[in-house]
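Have the sequence and the 3D view open, and hop between them as you read.

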Amino acid sequence: MKRPIAELWGSGSYTPTRVMTNDEFSKFLETSDQWIRERTGIRERRVASPQETNACMGKAAAEQALRETGLTALDLDALVVATCSPDRLLPAQACDLQAILGAKRAAAFDVQAACTGFLYALTVAEGLVASEQAQHVLVVASEKLTTITDWQDRTTAVLFGDGAGATIVRRSTNGRGILSSCLKSDGTLAELLYRPGGGAVHPPDEQLLKDRSYYIKMAGREVFKAAVLSMADACDQALQRAGLTAAEIDLLIPHQANIRIIEATAKHARVPMDKVYVNVDRYGNTSAASVAIALDEAVRTGRLEPGMKVMFVAFGAGFTWASMVVQW
Ligand code: ACO
């Protein structure tokens with residue numbers, strides 16, 4: 001088994017207080033609680049208020065992780081934010097977070113890998129630690145997806161939610177840390193899950209508002225199939241690279257998009273569902289924040305304890321997908 005270079009130290013998360021149930025959608029969309037629960041496993045999601053910005057949610061999650069480690073924002077050498085729903089398009093979300101966190105010494109930048117962003121950001125942080133660029137890297141995954149979701153489109157509106165999670169990456173102590181990781185992407189499939197308008201190809205104009213191309217568009221069935229196949233393969237890769245078998249994994253934390261995708265991934269990975277962390281019922285799909293929130297909950301509820309081996313796996317727009325095995 002590989003000796004880890006970097007470890008995840010402390011965790012935090014924040015989810016908005018406003019809970020939105022499935023029944024609320026059926027008041028303005030042709031949908032039902034039953035359809036949403038049966039097809040996705042989602043019962044409710046959190047919706048951020050205008051005051052709960054991406055930066056504010058990220059700050060709350062980060063401060064929790066910092067408190068746990070005894071570090072202050074001034075101890076941070078780098079701050080990496082994984083998000084696809086930043087408060088503004090320029091500068092990076094990480095710079096806005098740096099400002100309100102007071103992380104004056106840190107280099108701040110974003111990683112955009114949609115729902116896979118947290119795992120990509122952790123791998124970047126591991127690299128910063130390995131190259132001795134940084135001693136303490138704050139990794140925050142924060143999303144305000146409800147602002148880029150088309151509330152008139154029942155095929156996407158019911159799926160997404162808001163929230164943030166955080167951890168600190170530092171040099172490994174006592175054999176703890178990242179045992180393996182696997183990052184993949186396939187840009188030829190981008191248009192199965194994307195936001196067509198609002199960028200340099202289609203800058204904001206009246207047409208953009210009319211055709212609603214500013215919002216997330218998704219070919220759900222195709223994404224579903226690709227998510228299962230990709231996450232299954234990523235689990236195999238991470239296990240192989242760590243020199244472990246599925247039986248040696250104590251907890252699987254998959255991206256929380258759909259309970260049926262989670263079940264199919266776990267089945268392929270040969271991890272029984274009682275070793276799989278699930279909170280998609282309470283938060284829906286929070287994209288990059290999904291694995292980060294689940295990780296923090298798993299720690300706080302005692303599902304993830306020191307000495308355990310945890311595997312993360314995620315899939316998202318790009319397409320991007322990734323996995324990671326961590327000695328906790
Ligand atoms: N309520 C009621 N009916 C609906 C709804 C809804 N909210 N949404 C779709 N339907 C209808 C469809 O219109 C379709 O009707 P039709 O048969 O008359 O055409 C029918 O339900 C079945 O639609 P499907 O798309 O085949 O339903 P499916 O079982 O595939 O479930 C879902 C759809 C939940 C979107 C699923 O495909 C899925 O989870 N896809 C993957 C999403 C995902 O993992 N995304 C990850 C990345 S997200 C990111 O990166 C930001």
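Start with a hairpin: strands β12 and β13 form one, with three residues between them, and Gly318 in the turn has a positive phi of about 145 degrees. Helices (H or I, at least four residues) and strands (E, at least two) are DSSP runs, numbered from the N terminus. Keep in mind that this is a predicted model, where local features need pLDDT of at least 70 and side-chain atom pairs count only at pLDDT 80 or more, while totals for chains, interfaces and linings use all residues. Residues are numbered from 1 along each chain as its sequence is written, and side-chain values use heavy atoms, with hydrogens and water left out.

**The hairpin and its neighbour**

- β13 (residues 320-327) has another antiparallel partner, with eight bridges joining strand β8 (residues 177-185) to β13.
- Look for Gly177 too, which stands opposite Gln327 in β13.
- How many of the residues of β13 are buried? Eight of its eight are, where buried means under 20% relative accessible area, exposed means over 50%, and partly exposed is in between (1.4 Å probe, protein chains only).
- In a regular strand, side chains alternate between the two faces of the sheet.
- In β13, Thr320, Ala322, Met324 and Val326 are on one side, Trp321, Ser323, Val325 and Gln327 are on the other, and all are buried.

**Zooming in on Val310**

- Val310 is in strand β12 (residues 309-316).
- Is Val310 buried or exposed? Val310 has a relative accessible area of 0%, so it counts as buried.
- Leaving aside neighbours within four places in sequence, Val310 is in contact (heavy atoms within 4.5 Å) with Leu251, Ile253, Leu304, Met324, Val325 and Val326.
- For a sense of scale, the C-alpha atoms of Val310 and Val111 are separated by 23 Å, and these residues are 199 apart along the chain.

**The five-stranded sheet**

- Five strands make an open sheet with mixed pairing, in the order β1-β7-β6-β4-β5.
- At the edges are β1 (6-14) and β5 (107-111), each pairing on one side only.
- From one strand to the next, the twist averages 20 degrees; axes here are lines fitted to C-alpha atoms, for helices over the stretch in contact, and angles run from 0 to 180 degrees between N-to-C directions.
- Inside the sheet, β6 (residues 137-144) and β7 (residues 162-171) pair in the antiparallel sense over eight bridges.
- One example is Val140, whose bridge partner in β7 is Ala166.
- Helix α3 (residues 54-69) packs on the sheet and touches β1, β6 and β7, and its direction makes about 130 degrees with that of β1.
- Helix α5 (residues 117-130) packs on the sheet as well, touching β1, β4 (78-82), β5, β6 and β7, with its direction at about 20 degrees to that of β7.

- Helix α8 (residues 220-242) is where you'll find Asp236, which is partly exposed because its relative accessible area is 29%.
- After α8 comes Gly243, whose phi is positive, near 70 degrees.
- Helix α11 (residues 289-300) is mostly covered, with ten of its twelve residues buried, including Val291, Ile293 and Leu295.
- Following α11 is Gly302, with a positive phi near 80 degrees.

**How the domains meet**

- The chain is divided into domain 1 (6-174) and domain 2 (178-327), with bounds that come from an automatic or database domain assignment.
- Taken over C-alpha atoms, the centres of domain 1 and domain 2 are separated by 14 Å.
- Their contact takes 50 residues from domain 1 and 45 residues from domain 2.

Technical notes
Pairing = 2+ DSSP bridges.
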